[in-house]
Structures are given as structure tokens and as C-alpha cells.
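I opened this notebook to record what I looked up in one structure. The entries follow the order in which I checked things.

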Amino acid sequence: MTRMTRNPRHSGVFIAGTDTGIGKTIVSCALLRALCAAGLRATGMKPVASGCAMTPDGLRNDDALALIAASDSKPEYADCNPFAFAEPVSPHIAAAATPVTMAPIAAAFSRLAARADFVVVEGVGGWLAPLSDRLLANAIPHSLRLPAILVVGLKLGCLNHAQLTARAIRDDGCKLIGWIGNHIDPDMARPEENVATLRRLLPVPCLGILPFAATSDPHAQASRMSAAIEAIVSA
Ligand SMILES: Nc1ncnc2c1ncn2[C@@H]1O[C@H](COP(=O)(O)OP(=O)(O)OP(=O)(O)O)[C@@H](O)[C@H]1O
Ligand SMILES: [Mg+2]
């Protein structure tokens, strides 16, 4: 892969999803590996995570650990994941004692961005998932001024979810640079026709399609991210 230079206007990208559990982490890790392979310093961030395990070092979340493993520099855990909650429920329910606010997320993002060409920020649930009684997940890309890539979990219902999310992203004034389809359902009927329909209905280009894969090895998936990293670098 050819070496790329970063566009100084952006230092990150937000990985939005049509829902929870549709492949944001898989795509984020593959993008991180692809950015690193293109000669860029890339670091992952999961600003808010619920469903964390207690370890001797504190609460740890699998998504954040996967993003750190796929990053070229190894960020401090607390910068990668400033809000970690044990209970696997919506953050606004899990976080009663320590409500999520944007300031610690923005400060952690700045520290990561200072040591990287790109920060790949994984979203929390879907676009409007509540983070607190005052904040929804869309506050993160909006406040950090990040362009977004929409990961579409390819399954029944995704044609509606993808259009709704793309509309919401644009209505919120965020820049949507493209979408990536992720085959999470090996039994989905007529997958090619569904992908063709998404290409027709969504207002931005398809930047890649990930096959259903028994392994989630981000190195194996990174080769499918060339169009996505071209779009990120020139966004
Ligand atoms: N292309 C794929 N092939 C096979 N399994 C996949 C694929 N993409 C995702 N999965 C599986 O689906 C599950 C959800 O994926 P992932 O954790 O990336 O979703 P997510 O959108 O990041 O979820 P969350 O909202 O919890 O962060 C995981 O078990 C993952 O291994
Ligand atoms: Mg995830």
C-alpha cells in the first residue's frame, strides 16, 4: 500500500453504526490496521463503554482493548475509554453516579490526537443512543467535529435503519463520508440485492463490504479498507 499523508483539517473519523452489535469494532480495528499499513499513526478510541470487566487495573472493555491492540501506539487505557461502566446496559442507566459528559471525552481525544495522525472513534450503540439524561451518542462526533462513516450491519431491516441513520447524521450537521457494509448474518437472503439497494438508496459512496468471517482478525480485513482510508485521508 502506498504511503499517505494526513489531511491536517481532520484528525479523526467517527465510526457510526445502524445499531449495536453490527460490526463497528470489527470495522474500526480493520481501519486502524489499514491506516497503519499506509504509514499513518492511527489510534482507536471507545469514548463510552458499558459491559466492562473488573481487573486489577480497573474496569476494562473488550472493544477498547481490541482498538488498543489494533493501534500503532498503545494509548493509555483511560484516554482510549474515558467512561467505562460494568453493567452491560445503556450508558445513561449504567452511569447514574458518574454521568457521561463531553469535556473528559474531548480532553482524552486531544491527547490521543496529539500523538497520532488519525484517531478512529468507535460510536456507542446507534446514532441516537442515550449517553446520559442530557447527551445522545451523536454529541461525540458533533462536538469533536469528526466526519462519520456509517457501518451497515447487513441483515433484514438494514435498508430502513441505514437510511434513517444517514438522514440523522446529515440532519445533525455532521459530514457523512461513506458507508461500509458488514455481513453479520450468514443466512441473510439475497445479500447482493440488498447491497445493490443500499448503493442506490444511500446518498454517499460504499467504501467497502466485509464478508461474514469466522475470524475477526483485523489484519485479514484491513485489505478491504483501501477506499475507506482514501476517503478518510481526503475528507
Ligand atoms: N463480518 C463478520 N463476520 C462474522 N462475525 C462478525 C462480523 N462482524 C461482526 N461480527 C460479530 O458480531 C458481533 C458484533 O460485532 P461488533 O462487536 O464489531 O459490533 P459493534 O457494532 O461494535 O457492537 P457494540 O455496539 O457492542 O460496540 C461480534 O461477536 C463479532 O465477532
Ligand atoms: Mg463495538
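I call a residue buried if 20 or more other C-beta atoms lie within 10 Å of its own, exposed if 12 or fewer, and partly exposed in between, with C-beta atoms placed from the backbone. The model is predicted, so I note that local features need pLDDT of at least 70 and side-chain atom pairs count only at pLDDT 80 or more, while totals for chains, interfaces and linings use all residues. Residues are numbered from 1 along each chain as its sequence is written, and chains are lettered from A and ligands numbered from 1 in the order in which they are written.

Entry 1, positive phi. I looked up Arg-190 and found it exposed, because 9 other C-beta atoms lie within 10 Å. Its phi is positive, near 50°, and the residue is not a glycine. Arg-190 sits in the loop between S9 and H8; helices (H or I, at least four residues) and strands (E, at least two) are DSSP runs numbered from the N terminus. I then checked Arg-145, another residue that is not a glycine, with a positive phi of about 55°. Arg-145 belongs to the loop between helix H6 (139-144) and strand S8 (148-153). Arg-145 is partly exposed, because it has 14 other C-beta atoms within 10 Å.

Entry 2, S9 and S10. I found strand S9 (residues 176-182) and strand S10 (residues 206-210) paired in the parallel sense over four bridges; strands pair if DSSP finds at least two bridges between them. S9, helix H8 (residues 191-201) and S10 form a right-handed β-α-β unit, meaning that with the strands pointing away from the viewer, the path from the first strand over the helix to the second runs clockwise. Opposite Ile-180 stands Gly-208 in S10. Gly-208 is buried, because 25 other C-beta atoms lie within 10 Å. I list its contacts (C-beta atoms, placed from the backbone, within 7 Å): leaving out residues up to four places away in sequence, Gly-208 touches Ile-180, Arg-224, Met-225, Ala-227 and Ala-228.

S1 pairs with S7 in the parallel sense over four bridges, and with S8 in the parallel sense over four bridges. Val-13 has Val-120 of S7 as its bridge partner, and Phe-14 stands opposite Ala-148 in S8. Why does Val-120 count as buried? Val-120 does so because it has 29 C-beta neighbours inside 10 Å.

Leu-35 touches Leu-40, Ala-42, Phe-118 and Ile-229, not counting residues up to four places away in sequence.

I noted 17 residues around ligand 1, with Thr-20, Gly-23, Lys-24, Thr-25 and Ile-26 coming nearest; a residue is near if its C-beta atom, placed from the backbone, lies within 6 Å. Helix H1 (residues 24-37) gives the most to this shell, with three residues.

Key: Contact = placed C-beta atoms within 7 Å.
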